[in-house]
Amino acid sequence: MQVSLPSLFKLRQEKPQPLRPSMPVVQEANTELGKLLVFLNTSRKGLTEAEACHRLKQYGCNEVTYGKPAKWYFLLLNSFNNSLIYIFMGLAIVSYLTKNMEITIVLMLLVMVRGLLCFVQEYYSIQTEEKLKAMVSVTATVSRLDKRFNRERRKEIPIKDLVPGDIVHLSAGDMIPADVRLLFTKDLFVSQAVLLQEALSLKKHNTLGSVVEKMAISHSRNSRDPLDTSTVGFMGTSVVSGTAIAVIVATGKRTCLGWLAKNMASKQALTSFGKGVNGWNWRLIGLIAVMVSVVFLLNGIGKGNWAIATFLTPQILHMIVTVNLAQKALAMAKQKVIIKRLSAIQNLGAMNILCTDKTGILTQGKITLERYTDIHGQENEEPLKYGYLNTYYQTGLKNLLDVALLKHVEQKTTLKPAEEYCKVDEVPFDFVRHRMSVVLKYQQQHILICKGAVEEIARLCTHAKFNGQVVPMSESLNQEVLQVTRRLNEEGLRVIAVAYKEVSPPKDKYEIKDESNLILVGYLAFFDPPNDSAAEALATFQEHGVSVKVITGNNDIVTRKICKQVGLYVHHSVLGSEVERMSDEELADIVDTTTVFAKMSPMQKARVIGILKRKGHIVGYIGDSINDAVSLRNANIAISVDTGVDIARESSDIILLEKSLKVLEKGVIEGRRIFGRRYYSWRDSFLGSVE
């Protein structure tokens, strides 16, 4: 279903509402900040604890109501909302009309007992699920005003406790916890891919427009598309880079995400096992209908026995199975596998394809900087210097490579160049460009330093630097760049390139188009050793019929080498650029036989998962970073780790307390055991009742 996002606010445009439109955050997008704070009855130092508690009672929890557990009385009524119960209530009525009171009483007692038992087990299951969710909660940093000293103090609170008027602090990797108006920003870039995926067809898999810059004061007129409004942030989107302070304007169902959930969200998709159970239910209903007809034709001989036997089989089994799921979820929590949604155990047991990244799963995630070389592969400190400056001054979420680079310079070198520079601007990393730049002021000169994927950086370079000489990038030099980096990749090293240029004349603000005519200075090569436990876990997955596919943004040569080291046979590998050129039909033809998808963008990952699902596979996906959010939402079973970013953990069905395939292996085995028991118990009981 495709929705034009401007239509979200059609009501507001046609019938202006003075105070509280359907989407208040957009209405306040251009309000002067002082007036907005007065209107919300708050200040830049935040609310007091007492005021926050009062508003929480007034506005309710900051939760999207779709998917929220039902009240107990709705659960009780829903326990009797079952097609088989309707049939047996009908039979009870027929029995009453034909003066057969014994059968009437038996049938009605069974209906009541079944309904009450199902209510008890479902209520217990929901309580268990909520306890498990509470073990992995997403929090936000808010300001609280201490009136005694008239000063601000910051604290972490669950996002469900946020209220309008709260002042929140955002940084790279955070999920924006509500619809907010920005008060202060510093190089703030936000990924809106998750919100776009909720509203638009997944076939639009270009993410160029999903990462946008946000600012506290806009100097241009906002477009009619709310996602283009630069001074506001929407619940569920995530901070890619930079920092911000914002005031919450709307929470819960009054947010844009709440509107989408109410107007677009369908019922939660059935698990694969649930679909099978539904199939058996309809067969049972058909069988009962035939039996009842035959019984009546035979003048009511033995008319109660068939119905009762057929009735007990599915209903009592359903009750036992759901209670069993809740108990197993608690048991799996002791194995460092947190189940946020009980039905996820069914999909975990049915899963036949597991998609995962390389770093931290197949490898140890303990990355070290091994080499820094010039363009010819000779050791040289200049790439290290420029790479360090780039990483030191970037405000984006620092990945494992960045951490390894900073650690190496601080612990193993005397290189301390950062003090001589002053930051001017930043062009943050995104998963389309695969690079990021900072602009620094050195004396009176502006220097743009860019680091990222070798192919991306080399494409932007018109010159290279070697032995202090700057020379034009010739075809032979380009070929040498590829050869040097390929040799490093074949050794299992992940390579990034570093380039720079002196900007003349200097500017105040820099954009992607300024990343051009660069001078290539060399490479940084990192090593991440293979995970010792991965080989054993992969063998166990194979024994249980789970195929593992590696979907990564990393280099394909390095990925294939790591796969070989951990015993994962690579049938075929495909690059993201190749996936982009394929139609869905072409991708479907090769997706089953492809083991490695390398250099993939977030939406390309999600597209592969979507194709696998359409082919009938039950797909699990492990992800812990910003670029995994869309894929997690698109998979049958979304798996993250407790150290993942907010948006990844929020999008997941299962949280691993340890980033290891070994931990997940235990969960899959337990899920297989539960799934197998359910399937065979159901089948055998059904066949036994028919016999």
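**Ground rules.** I am working on a predicted model, where local features need pLDDT of at least 70, side-chain atom pairs count only at pLDDT 80 or more, and totals for chains, interfaces and linings use all residues. Residues are numbered from 1 along each chain as its sequence is written, and side-chain values use heavy atoms, with hydrogens and water left out. I number helices (H or I, at least four residues) and strands (E, at least two) as DSSP runs from the N terminus.

**Sheet.** I went on to the strands. Strand 9 (residues 353–356) and strand 21 (residues 619–622) run parallel, joined by 3 bridges. I take two strands as paired if DSSP finds at least two bridges between them. I then traced an open sheet of 8 strands with mixed pairing, in the order 8-23-22-21-9-18-20-19. Strand 8 (337–339) and strand 19 (573–575) are the edge strands, each pairing on one side only. On average, neighbouring strands of this sheet are turned by 20 degrees against each other, direction ignored. Helix 18 packs on the sheet and touches strand 18 (547–551), strand 19 and strand 20 (596–598). The direction of helix 18 makes about 150 degrees with that of strand 20. Contact here means heavy atoms within 4.5 Å. Axes are lines fitted to C-alpha atoms, for helices over the stretch in contact, and angles run from 0 to 180 degrees between N-to-C directions.

**Helix 16 on helix 18.** I checked what else helix 18 (residues 556–565) packs with: helix 16 (residues 475–490) lies at an angle of about 20 degrees to it, with the axes 8 Å apart. The two helices are therefore roughly parallel to each other. The classes are: under 35 degrees roughly parallel, over 145 roughly antiparallel, 65 to 115 roughly perpendicular, the rest oblique. Helix 16 passes helix 18 in a right-handed crossing. I call a crossing left-handed if the near helix is turned anticlockwise from the far one by less than a right angle, and right-handed if clockwise. From helix 16, Arg486, Asn489 and Glu490 meet Ile557, Val558 and Lys561 of helix 18. By class, this contact has 2 nonpolar, 1 polar and 3 charged residues. Ala, Val, Leu, Ile, Met, Phe, Trp, Tyr, Cys and Pro count as nonpolar, Asp, Glu, Lys and Arg as charged, and the others, Gly among them, as polar.

**Helix 13 on helix 14.** Helix 13 (residues 382–393) packs against helix 14 (residues 400–412) at about 120 degrees, with axes 10 Å apart. That makes helix 13 oblique to helix 14. The crossing is left-handed. In helix 13 I found Leu384, Gly387, Tyr388, Thr391 and Tyr392 meeting residues of helix 14, including Leu405, Leu406 and Val409. The contact has 6 nonpolar, 3 polar and 2 charged residues.

**Backbone.** Most residues other than glycine have a negative phi, and most peptide bonds are trans.

- Ser504 and Pro505 are joined by a cis peptide bond, with omega about -5 degrees. Pro505 sits in the loop between strand 16 (493–503) and strand 17 (518–527).
- Asn467, not a glycine, has a positive phi of about 55 degrees. Asn467 is in the loop between strand 14 (461–466) and strand 15 (469–472).
- Lys599 also has a positive phi, near 55 degrees. Its loop runs between strand 20 and helix 21 (602–614).

Are Asn467 and Lys599 exposed or partly exposed? Asn467 is exposed, at 62% relative accessible area. Lys599 is partly exposed, at 27%. Buried means under 20%, exposed over 50%, partly exposed in between (1.4 Å probe, protein chains only).
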